[in-house]
Amino acid sequence: MAVSNIDKQLFGQAGATFLSGTENTTREVCSILFLADSVLSSTNTSWPELTEGTAKNLIGDTSTQVIPNGVTIVGQFSKVGLDSGAALCYHPA
């Protein structure tokens with residue numbers, strides 16, 4: 001069975017960047033797999049659908065939310081940074 005372009009982009013057709021501690025990437029990211037309990041950096045993460053406007057009011061500040069080991073978040077990130085933890089950030093084509 002052929003793999004669609006959507007699947008390839010979702011699962012990082014352009015590779016991945018490993019982040020740990022307080023590292024960040026400014027490459028576009030399509031999904032993040034957390035390899036340890038982690039906290040996203042509020043200054044080095046850009047995910048407009050979650051961090052701006054109404055969504056931010058509903059969930060609060062992402063820099064105070066611990067994301068558990070093993071969780072994968074799918075979205076359209078223009079940059080991703082950590083305050084703590086470890087993650088694989090997958091890049092779309």
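How many bridges pair strand 4 with strand 6 (residues 80-84), and in which sense, parallel or antiparallel? There are two bridges, and the pairing is antiparallel. Keep in mind that this is a predicted model.

- Looking across to strand 6, you'll find Leu 82 opposite Leu 40.

- Another open sheet has four strands, in the order 1-7-3-5, and its pairing is antiparallel.
- Its edges are strand 1 (16-20) and strand 5 (72-77), each of which pairs on one side only.
- On average, neighbouring strands here are turned by 25 degrees against each other, direction ignored.
- Strand 3 (residues 29-34) and strand 7 (residues 86-90) run antiparallel and are joined by four bridges.
- Ser 31 has Tyr 90 of strand 7 as its bridge partner.

**The largest nonpolar core**
- This core has 13 residues, and the ones touching the most other members are Ile 32, Phe 34, Phe 77 and Val 80.
- At least two core residues come from each of strand 3, strand 5, strand 6 and strand 7.
- Strand 3 gives the largest share, with three residues.
- Leaving aside residues up to four places away in sequence, Phe 77 touches Arg 27, Glu 28, Val 29, Ile 32, Thr 45, Ser 46 and Trp 47.

Technical notes
Residues numbered from 1 in each chain as written. Predicted model: local features only at pLDDT ≥ 70, side-chain atom pairs only at ≥ 80, totals over all residues. Heavy atoms only, no water. Pairing = 2+ DSSP bridges. Axes fitted to C-alpha atoms, helices over the stretch in contact; angles between N-to-C directions. Core = buried A, V, L, I, M, F, W, Y, C linked by side-chain atoms within 4.5 Å. Buried < 20%, exposed > 50% of the residue type's maximum accessible area, 1.4 Å probe, protein only. Contact = heavy atoms within 4.5 Å.
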